[in-house]
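Please open the structure in your viewer and keep the selection panel at hand. The tour below moves from one selection to the next and says what is there.

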Amino acid sequence: MPRKHIRAVALEKTYRTGQHEVPVLKGVDIGVNRGEFLSIVGQSGSGKSTLLHLMGLLDSPSVGEVILDGQRIDNLPFDTRDKLRNRVFGFIFQFYHLLPELTVLENVLAPLMIRHPSWVYWKRRREYRRLAKDIIQKVGLAHRIKHRPSQLSGGEMQRAAIARSLVAKPEVLLADEPTGNLDSQTGQEIMDLLTELNEVESLTIIMVTHDDSIAKQAHRIVRLHEGRIDVLEEAA
Amino acid sequence: MYKLLLCLRYLRTRYIALASIVSVMLGVATMIVVNSVMSGFSSEMRDRIHGILADVIIDSHTLDGQADADYYMKLARQVAGDQIEAMTATVEVYGLLSFEYVNEPINRPVTIVGIHPESKAQVGPLKDQLESFAGVKIGNEVKEPPQRSRDETPGWELTPEALAYRREMVARRQLFFNSYDNRSVPGDESSARDNGWTPFDDDVSQNTTPSESTTIGPQPAIIQAGATADADADQNQVKTADGTAPTADPWELFDQGDATAEATVDPTALMPGRIYIGSGLIEFMVDDPETGEPKTIKMVRTGDDVKISTVTAGRPPATTHFPATIVDVFRSGMSEYDQNLVFCNLEFLQEMRGMIDPQTGKGRFTTIQIKLKDYADSDEVVEKLRSVFPPGMFEVGTWEQKQGPLLAAVDIESAILNILLFLIITVAGFGILAIFFMIVVEKTRDIGILKALGASSNGVMSIFLSYGLALGIVGSGVGVVLGLLFVHYINKIEEFFTWLTGRKVFDERIYYFPEIPTEVNPMMVLWVAFGAMTIAVLASILPARRAARLHPVEALRYE
């Protein structure tokens, strides 16, 4: 068995709200191969988003480990985790989460700006702009390059978000309900884009969704129920 | 890079932040304006005070003064000769100035300063302060041109114009008295009345005679009797002991009502007492009913005579009186001095006060004024002089030390104003704090996005810190420009408000400055701007820390 690209080992997460402790994840083990397209499904509150956040280092687990390429990453120092988020993981969210003050191009460039100190970025800005424009073209948004997110439709915003997640050349793409806010046709277009990325660039994709028809397009489906893995099934 | 970009975008899109920019701007502008005007006032005032007082002043503790100015000046030269440029000995004493204006006797308490005009002019800018050299200017408008050239040394003679005026006044008076004398021939009264040419009733005329004469000319017996016997005795004693001929009984010349004296003495001859009189003592301002403009009324003029009363040196001091001719009008621009100082010819004052030693013929002095080559040495010179001038007899100090309380008051005033104004900027700082908290709450989701994209907590924090700094820079930059413009055009603005309200905002009668004086100190501007920026950054620390501590997941979930 080849070494898993990213692995969650006995992950537990408990949120504390006032006096109450709310267990969200109760021990989850998942391994994702390099180039695999995995979808996580489950009802609201089943902990699927939390699992995604833990694996993307947006949050740290109460118990358990996150292992990337055989190395534990959830307990690394803050700055190292910041770097990993910037370089290794790409995020796509249900509500797109573009920065409203910036144009599409600037939004896409944001990870690169964050990665480099100002002067380094300034020196390479032409190269990066070209890169960003290529990617925007690839997601089919070339005509919207100077627009603000508020001037875009939902599907366009999600394409911009995907372009932003790709510009940093990530190894793992973490998508949280990427189609959740879109009509089925636009959602399918986004799914086609993700599938293509997975196939052509052999990007590891972990996608959270509650829509079975979307989930089925992945290689494998993990079904979460009340913080535990319910079923693990191969997609058709 | 993203920090800079976001910072600039927030600056452009968050209009609420404009409020804090405006408050910083107003605070900075106000501070600059107030400071410039304050320091303009204070430096103008210092210039004027310094113009009257010399760099270093040696004051005798007693009004009687100390003997032999030359000896003490030599002493001063011995210890600090290379630093002293010029010196002059003066006599300062309190006195009373009397003259009449529109039949009203006017008495003013004054400080009489006996000076040598030549040496006094070397110690301070005396020529700039005398009307005959400097003319009379109100603002930039020349009211009276100077009558003497700047090359002349100031002395105790009248200008030809003033002399002509004096002659004319004497002639008029003579005419008046002649006609009056003719009419008041005993037994002729009734006929004068019958003529219908009687300007005065008998009792009125009795009042009128002395009143005219006190201003200029003949001195009736009433006032002569007012001179105390003590003073007369003193004066006579001095003179006889001195061996000089008693030509200078001052009343002798004043006594021109007597027909025999008139024959021997030129009626236009000047009194032996000569004075430069402070302009505030003889002028007042009224609003011209026709034009509404303020207008200066002079109660007496150069060439007129006034009376001076003071005390003699000695125990107990006795009063002494003498008439004096106004040779010039003194105008320093400091009302405190212009309303108080009368400069008198030194030897005559010494003589009148019995300060001339009968044995040696040397006069006593109360003050030595010293001009230094470089005022920066003043403290050193004061130290040196203190070592030779016994503190029991003399007080040595710079003009600043002498005017310490006044200058300190101005400094304290400006310090308090600065504190108050800085509080305004601090208030602006709290405004920034509140607005920033709002912006952080508003931007919570964006902060989550930035963190998801790999921004560090420090990076997020520095966005808000540099945002605060940017607000500070923009606010204080615009404030500095606004403040400097305001200072530059302050007199135009004053004119505008005067026009708008119909009331004089800056009344030169109150402040004695023709226009609002300003002085921009670059260091002050720098400090104000720097202070405002610091406050803006400090105010953004708390919201920035809050932003940095936001949990990315919670921030992302925030709607």
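Begin by selecting α2(B) and α21(B), two helices that are oblique to each other, a word used here because angles under 35 degrees count as roughly parallel, over 145 as roughly antiparallel, 65 to 115 as roughly perpendicular and the rest as oblique. Their axes lie 7 Å apart and the helices pack at an angle of about 40°, where axes are lines fitted to C-alpha atoms, for helices over the stretch in contact, and angles run from 0 to 180 degrees between N-to-C directions. Helices (H or I, at least four residues) and strands (E, at least two) are DSSP runs, numbered from the N terminus. The crossing of α2(B) and α21(B) is right-handed; a crossing is left-handed if the near helix is turned anticlockwise from the far one by less than a right angle, and right-handed if clockwise. By class, the contact of α2(B) with α21(B) has 17 nonpolar, eight polar and no charged residues. In these classes Ala, Val, Leu, Ile, Met, Phe, Trp, Tyr, Cys and Pro count as nonpolar, Asp, Glu, Lys and Arg as charged, and the others, Gly among them, as polar, while two residues are in contact if their C-beta atoms, placed from the backbone, lie within 7 Å.

Before going further, note that this is a predicted model, in which local features need pLDDT of at least 70, side-chain atom pairs count only at pLDDT 80 or more, and totals for chains, interfaces and linings use all residues. Residues are numbered from 1 along each chain as its sequence is written, and chains are lettered from A and ligands numbered from 1 in the order in which they are written.

**The whole of chain B**

Now select chain B, which has 25 helices and 15 strands. Of its 559 residues, 39% count as buried, meaning that 20 or more other C-beta atoms lie within 10 Å of the residue's own, whereas 12 or fewer make a residue exposed and numbers in between make it partly exposed, with C-beta atoms placed from the backbone. Among the contacts in chain B with a separation of 6 or more, 79% are accounted for by residues 24 or more positions apart.

**Helix α19 and its partner**

Select residues 404-442 of chain B, helix α19, together with residues 522-549, helix α24, and look at where their axes come within 8 Å and cross at roughly 25°. That angle makes α19(B) roughly parallel to α24(B), and the crossing is right-handed. The residues making the contact include F422(B), F430(B) and F437(B) of α19(B), and A532(B), P543(B) and R546(B) of α24(B). By class, this contact of α19(B) with α24(B) has 16 nonpolar, four polar and one charged residues.

Staying on α19(B), compare its ends: the 39 residues should span 57 Å at 1.5 Å a residue, and the end C-alpha atoms are 56 Å apart, which agrees; the expected span of a helix is 1.5 Å times one less than its number of residues. Among the buried residues of α19(B) are A428(B), I435(B) and I439(B), and what covers the buried residues includes α2, α20, α21 and α24 of chain B.

**A residue in α20**

Next, pick I447(B), which lies in helix α20 of chain B. Is I447(B) buried or exposed? I447(B) is buried, with 25 other C-beta atoms within 10 Å. Leaving aside neighbours within four places in sequence, I447(B) is in contact with V460(B), A547(B), L550(B) and A555(B).

**Where the chains touch**

Show both chains together: their contact takes 20 residues from chain B and 23 residues from chain A. On the side of chain B, the elements giving two or more residues are α1 (2-13), α20 (444-452) and α25 (552-557), and the largest share, seven residues, comes from α1(B).

**Two residues in chain A**

Finally, select chain A, whose secondary structure comes to eight helices and 10 strands, and in which buried residues make up 45% of the 236 residues. In the loop between β7 (172-176) and α7 (184-200) is E177(A), where phi is near 50°, a positive value in a residue other than glycine. S202(A), in the loop between α7 and β8 (204-209) of chain A, has a positive phi of about 45° although it is not a glycine. E177(A) is buried, with 21 other C-beta atoms within 10 Å, whereas S202(A) is exposed, with 11.
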